Amino acid sequence: MNNIDFDKRHIWHPYTSAVNPLPCYEVTGAAGTEIHLATGEKLVDGMSSWWAAIHGYNHPALNAAAHQQIDKFSHVMFGGLTHEPAIDVCQQLLAMAPAGLERVFLADSGSVSVEVALKMALQYWACQGRPDKHKIVTPRNGYHGDTFAAMSVCDPVNGMHSLFSNMLAPQLFAPAPQTQFGQTFSEDDILPLEELFDSHHHELAALIIEPIVQGAGGMRIYHPEYLRRCRQLCDQYDVLLICDEIATGFGRTGKLFGCEHAQISPDIMCVGKALTGGYMTLAATMCTEDVALGVCQGEPGVFMHGPTYMGNPLACSVAAASLNIIAQNNWQKQVEAIEAQLKATLPDCLSLAAVKDVRVLGAIGVVETHHSVDVARLQRHFVKAGVWIRPFNKLVYIMPPYIITPDALTRLTDAIYDALS
Ligand SMILES: *Cc1c(COP(=O)(O)O)cnc(C)c1O
């Protein structure tokens, strides 16, 4: 059996059937903004491997960090032990994070960091003698990960809650924000959430939201005023605000963190995806001093969570190197240039009959179609055109590495235009 046949016969891939999977392409290398296939094609990467590879593949500084650390030690347990890679990455994270975040919990994936954030919020209120505050409120069209607590706050339709209705904690859902980024904010947009707070605040532990860009739940880009109002409602009604910056963090939206568009700070914030520059899995849940004190007050006095690979030194050292690159501050000009080019070119797609909407923010470009696209056909088209773009449902979208050249970006946008023509 050749590699591709074995893969198809035995290996699950994300969000596809195990018995009749979408086609897969074997990769033998990746460098800069290119992914190399076993069949010889070199594809311009439009996905940053799901928001992660912001500095491009095979980056010398990230490679060096991994090499240096692996020759010292790859991992030790984090219970009772600590090390410089973890300290380095947490120092840098706190230095760049929104004001007020002072404690870091290192988690091993984005979903786990969301589990940790939700558990922190619930334990916070339980330890304040308010176990009645045990529900989470969130806008529809959100995406926060695939584990069960994370799933409970994903969009109930996209997240297929009906399949798991006996297993998922029942949460409260507000309509998704309607005013788009750049439009005039409509007061009507926040009313349903205000009403939910007004009638349910006594049972609300936290509001969880993706700042400004709702990612996998629909690639929707909303008005910062909505997020500002979320912060105000949380303050007014004693509810914790959790910002899920796993997709939006580290410059992707044109600000270092999405919540900077609204000039607010959350009580708890999750980061992941681009944290290691796309090298390996690592995420973090940050919180304020108030949350940390609240969680650890009274019984049990500890936070009961500790992944085996917590603070993995290899991942932390690469993350620290990636944050170093971000601190050099080239990302801002790079993301601005990508945004300007996307705004100049992607709206051409609006002339196509298949296209319903085009949205751009920072280094994110989204083309929404009227009907669900044929993923296998589009993938074939894109590979033929020498690009890697992976659409889902009605969304053909790109979030390329920040180092992409104007020519390579043109190849991505041209390929989208041609594919939908
Ligand atoms: C990807 C994502 C997650 C889940 O992260 P994993 O590392 O895939 O578990 C959670 N929230 C948001 C906003 C994401 O984009």
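Which residue stands opposite I242 in β11? In this predicted model, that residue is I268. The pair belongs to a parallel arrangement, in which β10 and strand β11 (residues 268–271) are joined over 3 bridges. Strand β10 also pairs with β7 in the parallel sense, over 4 bridges. There, I209 stands opposite C243 of β10.

Strand β10 (240–244) is largely enclosed by the rest of the structure, because 5 of its 5 residues are buried. Its side chains point two ways. L240, I242 and D244 point one way. L241 and C243 point the other way. Both sets are buried.

A polar side-chain atom of D244 lies 2.7 Å from a nitrogen atom of the ligand. An oxygen atom of the ligand is 2.8 Å from a polar backbone atom of G110. A ligand oxygen atom is also 2.6 Å from an N or O atom in the side chain of S111.

Helix α8 packs against β10 through its buried residues. The helix covers residues 224–237 and has 14 residues. From its first C-alpha to its last, α8 reaches 20 Å, close to the 20 Å expected at 1.5 Å a residue. Of the 14 residues, 10 are buried, so α8 is largely enclosed by the rest of the structure. Among the buried residues are P224, E225, Y226, L227 and R229. C230, R231, L233, C234 and Y237 are buried too. Besides β10, the buried residues of α8 pack against β5 (135–139), β6 (172–174), α7 (191–200) and β7 (204–209). Just after α8, D238 takes a positive phi of about 60°.

A further sheet is built from other strands. Here 4 strands form an open sheet in the order β1-β2-β3-β15, with mixed pairing. Strands β1 (27–31) and β15 (387–388) stand at the edges. Each has a single partner strand, so one side of each is left without a neighbour in the sheet. Strand β3 (residues 42–45) runs parallel to β15, and 2 bridges join them. V44 has V387 as its bridge partner in β15. Helix α13 (residues 406–420) packs on this sheet and touches β3 and β15. The direction of α13 makes about 90° with that of β3.

Definitions and conventions:
Residues numbered from 1 in each chain as written. Predicted model: local features only at pLDDT ≥ 70, side-chain atom pairs only at ≥ 80, totals over all residues. Heavy atoms only, no water. Pairing = 2+ DSSP bridges. Contact = heavy atoms within 4.5 Å. Axes fitted to C-alpha atoms, helices over the stretch in contact; angles between N-to-C directions. Expected span 1.5 Å × (residues − 1). Buried < 20%, exposed > 50% of the residue type's maximum accessible area, 1.4 Å probe, protein only. Polar contact = N/O pair within 3.5 Å; in protein donor to acceptor, adjacent residues only side chain to side chain.
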